[in-house]
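User: I'm new to this one. Can you walk me through it while I look?
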Protein chains: 2
Amino acid sequence: MEIQPSLFVKMVMNSWETQCASLLEIMDRLTDEQLMAETAPGRNTGQYIVGHLTAITDGMIPLLGFGEKLFPDLEKLFVELPDKSGQPLPSISTLKTCFQRVNDRLSEQMQQLTPEAWFSKHEAISDEDFSRQPHRCKLNIIINRSNHMAYHVGQLVFLTR
Amino acid sequence: MEIQPSLFVKMVMNSWETQCASLLEIMDRLTDEQLMAETAPGRNTGQYIVGHLTAITDGMIPLLGFGEKLFPDLEKLFVELPDKSGQPLPSISTLKTCFQRVNDRLSEQMQQLTPEAWFSKHEAISDEDFSRQPHRCKLNIIINRSNHMAYHVGQLVFLTR
């Protein structure tokens with residue numbers, strides 16, 4: 001039996017798209033007021049989680065070799081700093097627009113990658129490490145980021161009534 | 001460039017093992033009392049989530065063609081019924097043991113599957129559907145279940161202090 005690499009790419013893309021669709025669906029369903037609330041007492045707000053997922057997804061653009069981040073300022077606010085840092089945060093509607101733009105850009109560029117390119121190294125691993133660990137390819141980023149998104153979607157669900 | 005199917009399998013196994021390790025780590029870190037609590041006001045308890053993940057993981061055994069479930073009774077309590085159904089639930093320590101046994105059994109059997117077998121159909125899809133949708137293979141189950149586990153681990157984290 002010959003296994004087509006394109007089949008594997010499709011499985012991983014479906015998994016990623018399912019997580020993005022869940023996030024978009026839940027952001028759409030929650031009011032701004034609900035998203036401003038803490039997901040559980042003393043835990044991150046919906047606003048912080050949406051900003052965090054936007055920053056992490058934006059970071060996939062350079063990691064996959066697709067160019068520069070669209071919103072580099074989000075990294076400091078939503079990855080380096082914790083929630084309630086005292087820094088002013090972008091509004092919910094701004095964050096939703098940022099996520100949508102990052103997601104659109106990524107989808108467009110992902111669709112153009114050949115299966116062979118998906119199995120090439122990502123930008124944060126050296127040639128030397130990649131030659132020893134060839135599973136640390138671009139596609140592996142998508143597998144890991146899908147799990148990461150699912151983790152936070154499981155928390156955002158607590159904001160629904 | 002030739003892409004080895006064993007490389008896809010390794011990527012997906014790493015993702016699954018990472019999620020199982022996170023779950024085991026958090027179950028180990030939380031006291032029984034913490035696990036009995038709700039993850040957020042009015043939401044599922046840690047006990048229910050651990051039972052749910054055990055039941056779903058146990059269900060992977062027949063789905064992957066590895067034989068019968070080890071704990072078939074968990075399906076009703078932790079998948080069909082919601083939390084706080086009024087049915088008596090197994091203790092936390094019983095559930096932890098069940099998860100460990102299911103995880104050990106699965107790991108052992110997964111390691112024996114060849115890459116070709118991973119790309120064969122799982123047990124819940126017909127030959128006809130599989131011929132049209134060949135990405136719905138055994139390996140795809142692992143991708144989806146990794147995301148599912150990450151989703152609930154994101155909730156269990158709220159029980160930590």
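User: How many salt bridges does a search of the whole structure find over all chains?
Analyst: Eleven, over all chains. Keep in mind that this is a predicted model.

User: Which residue forms a salt bridge with Glu25(A)?
Analyst: Arg29(A) does, and the closest N and O atoms of the pair are 2.7 Å apart. Side chains of opposite charge can pair when their charged atoms come close.

User: Where do Glu25(A) and Arg29(A) lie?
Analyst: Both are in helix H1 of chain A. Four residues separate them, about one turn of the helix.

User: Which helices of chain A each supply at least two residues to the side that touches chain B?
Analyst: Helix H1 (5-29), helix H6 (115-118) and helix H8 (138-156). Of these, H8(A) gives the most, with ten residues.

User: How do the residues on that side of chain A divide?
Analyst: Into 20 nonpolar, eleven polar and three charged.

User: How many residues are in contact between the two chains?
Analyst: 34 residues of chain A are in contact with 34 residues of chain B.

User: What area is buried between chain A and chain B?
Analyst: About 3,100 Å², with carbon and sulfur atoms giving 72% of it. Ile3(A), Met11(A) and Phe158(A) supply 21% of the area that chain A buries against chain B, more than any other three residues.

User: Switching to chain B. At what angle do the axes of H3 and H8 cross?
Analyst: Roughly 175 degrees, and the axes of H3(B), residues 46-63, and H8(B), residues 138-156, come within 10 Å. That angle makes H3(B) roughly antiparallel to H8(B).

User: Which residues meet there?
Analyst: From H3(B), they include Ile49(B), Leu53(B), Ile56(B) and Met60(B). The residues from H8(B) include Ile142(B), Arg145(B), Met149(B) and His152(B). By class, this contact has nine nonpolar, six polar and one charged residues.

Terms used:
Residues numbered from 1 in each chain as written. Chains lettered and ligands numbered in written order. Predicted model: local features only at pLDDT ≥ 70, side-chain atom pairs only at ≥ 80, totals over all residues. Heavy atoms only, no water. Contact = heavy atoms within 4.5 Å. Buried area = accessible area lost by both parts, 1.4 Å probe. Nonpolar A, V, L, I, M, F, W, Y, C, P; charged D, E, K, R; others polar. Axes fitted to C-alpha atoms, helices over the stretch in contact; angles between N-to-C directions. Parallel < 35°, antiparallel > 145°, perpendicular 65-115°, else oblique. Salt bridge = Lys/Arg side-chain N within 4 Å of Asp/Glu carboxyl O.
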